Amino acid sequence: MGKVVKNDNRMGWVRNLEAVDLSKPCSTQEYEFESESRIGGVLNYDDGKVQAGPLSFPSKPTELHRYLLKITYPDGLTTHNANANKKGYAFKEGTAGELLSLLSLHFQSRFYLRASYYGELTKKSMKLRTAYPFRHQVTPVAHNPKILKGGGSRNFAVGLTEFLDSVQKLDEKKHERFIIACWHYARALRDIGIDSEMVFIRLVSAIEVLSESFDLPTKDNPLEGCDFTSIVREENLSKQQLKQLRDTLGVGKDGKVHISKTKARFIGFTNEYSSGCLRGGNWKAHQLKIKRKDVPSIVGKIYDARSAYLHAGEPMYLSHFFLGSDTWDMDPSLGMAIDNKKISGKKKLPYAHWFENLVRCCLLNYLAENSS
């Protein structure tokens, strides 16, 4: 028998860090990226194997801040996983894409990769530049104040090293799902002000990626783990009926029932990991604020709206922006009509900035729990 090669499921940037030996020949690649957020300081991670810092700060409010990410690679080594599996992931920006997705989560900012530079300018060689087209639109701050104001105390030298350390400590089996969740989150942020429905769709996907392995209480999933042959009289069914039933119940190779219940897992995961996200306080418009106890019903509506939009072409009932609405969780409307479509007020969704903040809290809490 041939030698079984164990697949390393960890993120590419982590595998690259371990492969780099600074005492041996290495090469560096620089990545120029932009953001609305002003971030000071310099990241110097793992003896400079990963570095990041500002290039320039804009003089006009409509311009983006420009930054540089520098990654060291061992000479002659590609960053792709030769033993990748079918459930893996693909970042067209490679290691830089992974790191920018993680930075997006850490800083609660959206980043745009502008160009990469490889090689050195010498008498015999040129520095190669690869441009990355991106779509950016100046968006009213009310769409997401934390992201679009661009201020705050963000700093590459404060907290980011500890954050990357915690990502490295994730269980190997959780690396792939977590970076995919971060990828969806980062893409959702870039859709703010461009495609409101896609913001919700990608944020739902960010949670759904991680919630697929969330254990539901027995009362919510009483068939989970049951032996298929103990609950079904197979002699009463044809082969086709038996196959359909086994597929419906998600019977695995172990003969146990594993029903997906994706919506229930989505709600359960969000409720479990959103702890600490919603704070108390005195609200002048208390009916426009979402309380902790209402989270399961609200995220359930969001999940249903996402599914109806994708599978049936149903429009989403999104909260509309008003003067001062950046401090609300949802608008005060009780229903709406779009052309020939009337939508009940019961289907109204909160502002995207409320859901984005909730999703970010879930991802960070998940990371904290699984990297300890």
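Q: So two strands pair if DSSP finds at least two bridges between them. In β4, which residue is the bridge partner of Gln 29?
A: That's Ile 71. Strands here are DSSP runs of E, at least two residues, and helices are runs of H or I, at least four, numbered from the N terminus.

Q: What kind of model is this, by the way?
A: It's a predicted one, where local features need pLDDT of at least 70 and side-chain atom pairs count only at pLDDT 80 or more, while totals for chains, interfaces and linings use all residues. Residues are numbered from 1 along each chain as its sequence is written, and side-chain values use heavy atoms, with hydrogens and water left out.

Q: Thanks! How many bridges join β1 to β4?
A: There are 10, between residues 26–35 of β1 and 65–74 of β4, and the two strands run antiparallel.

Q: And what order do the strands take in the open sheet?
A: Its 6 strands go β2-β3-β4-β1-β5-β6, with antiparallel pairing. β2 (43–45) and β6 (128–131) are at the edges with a single partner strand each, so one side of each lacks a neighbour in the sheet. From one strand to the next, the twist averages 20°.

Q: Which helix packs on that sheet?
A: α1 does, touching β2, β3 (50–56) and β4; contact means heavy atoms within 4.5 Å. The direction of α1 makes about 50° with that of β4, where angles run from 0 to 180 degrees between N-to-C directions and axes are lines fitted to C-alpha atoms, for helices over the stretch in contact.

Q: Switching to α5: what span should its 19 residues have?
A: At 1.5 Å a residue, helix α5 (residues 172–190) should span 27 Å, and its end C-alpha atoms are 28 Å apart, which agrees. The expected span is 1.5 Å times one less than the number of residues.

Q: Which residues of α5 are buried?
A: Among them are His 175, Phe 178, Ile 179, Cys 182 and Leu 189. Buried means under 20% relative accessible area, exposed over 50% and partly exposed in between, using a 1.4 Å probe and protein chains only. The helices that the buried residues of α5 pack against include α1 (12–19), α2 (94–107) and α11 (352–370).

Q: Since you mention α11, what angle does it make with α10?
A: About 110°, with the axes of α10 (residues 295–312) and α11 12 Å apart. They are therefore roughly perpendicular, a label for 65 to 115 degrees; under 35 is roughly parallel, over 145 roughly antiparallel and the rest oblique. Val 295, Ile 298, Val 299 and Ile 302 of α10 meet Trp 354, Phe 355 and Leu 358 of α11.
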